[in-house]
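Colleague: I have the file open. Can you walk me through it?
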Amino acid sequence: MTPLWSALCVVAPLLAAVTQCIKPRWGAATSIAALSLIVLGGLGLASALIESGAQTIVLSGWSPPLGIVWRIDGLTVTMILMAGIVGLPVSVYAHHYFSSSTTANRFFWPLWMLLLAALCSLFLSNDLFNWYVTLELLSLSAVALVTLAGKPAALAAAQRYLYASLLGSLCYLMGVALIYSTYGSLDMTLLRAATEPNTSVWVAIGLMMAGLLMKSAMFPLHFWLPSAHGAAPAPVSAILSALVVKGAFYILLRIWFDLVPEAPPHSVTLLLGAFGAAAILWGSLQALRATRLKMLVAYSTVAQLGYLALFFPLSATGELGQTAIGGIVYFMAAHACAKAAMFLAAGNLQRAAGHDQLSALASTAQALPLSMFAFAIAGVSIMGLPPSGGFVAKWMLLSAAIMNGAWLWVAVLILGGLLSAAYVFRVLALSFVDPGPPAEQEAPKRVARSSEWASLMLAGMALLLGLNAMPMLELMSVGLPAIRP
Amino acid sequence: MSWNSALLFLILASSLVPGVMIFFVKEESTALRSTLNMLGASVKLLLVGALIWGVYQGQTFEARLSLLPQMDLVLHADALSLLFVGLSSVLWFVTTIYAIGYLENSPKRSRFFGFFSLCVTATVGIALSGNLITFLIFYELLTLATYPLVVHRGTKESLRAGRVYLAYTLAGGALLLIGVVWLKSLAGPLDFTATGVLSGRTDLDPDTLRWIFLLLIAGLGVKAALVPLHGWLPVSMVAPAPVSALLHAVAVVKAGAFGIVRVVYDVYGVEFAADLGVMMPLAIAAAITIVYGSVRALSQDGLKPRLAYSTISQVSYIALGTAIAGPIATIGGIVHLVHQGLMKITLFFCAGNLAETLGIHRVSDMNGVGRRLPKTMAAFTVAALGMIGVPPIAGFVSKWYIGTGALAAGQGWVLGVLVTSSALNAAYFLPILYRAWFKPPTGEWQERLAPSRFETHWMLLAPPLVTAALALAFGLFANMDGSALTWARLIAEREYAP
């Protein structure tokens, strides 16, 4: 059954995209159907994994190094499930969001499905070139989605995003070429056995990582993210922050597991961790200063991605490494749910008020208690407070850091949590400000009930992740390769 | 899930479920909202009664959910948790009545009562926590649930108070988190056990344990308002009176004090902590807080700020009693958890009545107010005398046990602290009583009419009378079965290894 389930995850969104090009009116329905099939496929894969461990599928019978292999382990399935489960409410939301402007509506659905197909095949792939292809597809459809906002600011942001993304791809491709010229193979399983610590491998890894860090907006290569995520239409922002950046980071993780031939020098991991710490501080401070709600949420993404970089100094062999890996993967999943919820809630406020200037949102915030509630719950996860997925992730990262005796990273984790509380409560305080006499305020526009519930659903998911982490953690750890000593 | 473990979840649900439902109640539907509130509070009282009965019969109550590898969410009921659960469910019941009366006709009541119920859920969760991780979860939930109550009025001042409150409590929570994670990674699951889970562990480095103790106490000390971590408390006085009552008597400061008790007795073990040498610094910090709070209270003219500083001082009696390694002082500290709660909530109810009925916010406006609000001021008098430590009111019992306990443990200096503090208590409470009862009435409030045939709305009058009566009864009948004192004795017996 495994080939069927995994094929489902790629074929369903592709078929949906084709259908949507022919019948634009079926956009929402076909997307939701495709996403449900992805979730189904993910669940099918999960049960297969738990029964019989990690699986490989040789596509069309050609085994590597000539053919292509998909490898499915716990990390793959977690990511696919994350994409499907976050995608569903976002699609419900987008259905109302885009109904008025027909052009955007027409292009959104096929692009979104294309993005999803690219993302799922990225998660399933296990060779460097396939990742290049899927990453390109992912980025191009993401850039196109940003332009749907139609405003000049969005177009400029999309252009910047495109250039940054192309530069990142180029870097990555050079690294891939270097590896191919040395080992004549791109399959990760073969490379894991073959790579040895030598200069060309290190240069190749350096190039690939630089490209991927650019694509996952790791400080100081994050410059393209806030404007793109802030200017895009709300559902697109949610998709970008929750899923797209995770795609690039996923490849980064895989390279770290399989390609890095020996424990990298301490200075390298320290540098990567320092970038993460800088991202957390810089992103949070910018979020504290932001005047627009969506920019605040976008800068929060910059900060949160910084936590991902803490993986590198904390990663290690043995049980400690397992804790750090578990923490990071859990972090990705919790952040996906929480951040998507935040962007959708912010979109609701923006819709209702007609703008997203924080200083003038109080009365709108109070007219939309459900959206604010969603923002609050998502905020709890972002701050890493219990009970939420963010807390579980922070707990595991803190454990790893403390067991390592890495007090610097403990301080960073704690400080990051406090700073995020500061900016999240900037928004939450809007619910409590006395908005003044109602006559002076323009009455907020109506927002579809389902849009409010979509954001609340996602926030609820972030909360649920904090209630019983064991099954998720068990799934994640199936077949996860150990870091090489 | 057996009935015994289900009961623990039901106790949490009895305020969580009404709380969530209240968020969806329309603003105008006062009757529905009040019904939900009172239903929740009554059901909780009944369930807690069943729990106490069950424990009395010798049953054990424990529920576990796995959360992370080697980390369970544990709810359980031991003697100490029952004390706190009992206190919070009784005081929640009376505070709910009071709050319904107090907030009549004010806006955003659904939001208020929703968070009010969540706040109690978190407090009860703290009481029932069976390990440090569970405690931490509910401790942070309490922070989140009380923020909306502090900023409820939505003015600039209350929003600022909210920010200060969060800055202190979230930073405290972060320290606590580091301490808990550290301890967990060293010592494994931290289920609360009488005489301490760490005592007898010789494999752990004592210096590390001291550092962790410092982190834990600093984290808990924020909510318990230990000087210099007390800055949030006077500021958050802008909240409505029922919130102040709840924050100061039951929920927030008590959560901190209760946490200190748990850490000292059930995590480290009191004798082990004394061997580590961490009890003396804690006792000194508590003593400084007691004197400092009282001194600051002296110079406050606002009634609520004066009570706030008094809280800072009084709550530290719990920490002081805890930090003296001797069974008698332990009894004093633990029993004060209940006694201070009853007396302080009475004082805040009365302050709320003065503000609500007559518009009095300052001590200097209280001349002759005893003639106008005799019952309210009678309750106030009982509670204030109790705070000073006049027998036979409950406060005397606490001070007596802490004092004799300190002597028994050879720590005579504590007596000096107690005497100083009692003198200061008298110095800031007695003038209030003198003004209220013996000075002729002055002030604009004389023209105000009584809102009902009682001196004030009955829902505002009954709660302080009940709590004052309880404070008196717990002092008078301290030696009878079922009093807080006998219960505290039971707890203290378990905590000292034979």
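Colleague: Which residues have the most contacts inside the largest nonpolar core?
Modeller: A:Val146, A:Cys337, A:Ala341 and A:Ala462, in a core of 407 residues. A nonpolar core here is a set of buried Ala, Val, Leu, Ile, Met, Phe, Trp, Tyr and Cys residues joined through C-beta atoms within 7 Å. Buried means 20 or more other C-beta atoms within 10 Å of a residue's own, with C-beta atoms placed from the backbone. This is a predicted model: local features need pLDDT of at least 70, side-chain atom pairs count only at pLDDT 80 or more, and totals for chains, interfaces and linings use all residues. Residues are numbered from 1 along each chain as its sequence is written, and chains are lettered from A and ligands numbered from 1 in the order in which they are written.

Colleague: Which helix gives the most to that core?
Modeller: Helix H14 of chain A, residues 318-353, with 22 residues. Helices are DSSP runs of H or I, at least four residues, and strands are runs of E, at least two, numbered from the N terminus.

Colleague: And what does A:Ala462 touch?
Modeller: Beyond its neighbours within four places in sequence, its contacts include A:Cys337, A:Ala341, A:Ile377 and A:Gly389. Contact means C-beta atoms, placed from the backbone, within 7 Å.

Colleague: Switching to strand E2 of chain A: which residues are buried on each side?
Modeller: A:Val69 and A:Arg71 on one side, A:Trp70 and A:Ile72 on the other.

Colleague: What is the bridge partner of A:Ile57 there?
Modeller: A:Trp70.

Colleague: Last one: how many residues does the contact take from chain B and chain A?
Modeller: 23 from chain B and 23 from chain A. H6(B) gives the most to chain B's side, with 10 residues.

How values were computed: A residue is buried if 20 or more other C-beta atoms lie within 10 Å of its own, exposed if 12 or fewer, and partly exposed in between; C-beta atoms are placed from the backbone. Two strands pair if DSSP finds at least two bridges between them. Two residues are in contact if their C-beta atoms, placed from the backbone, lie within 7 Å.
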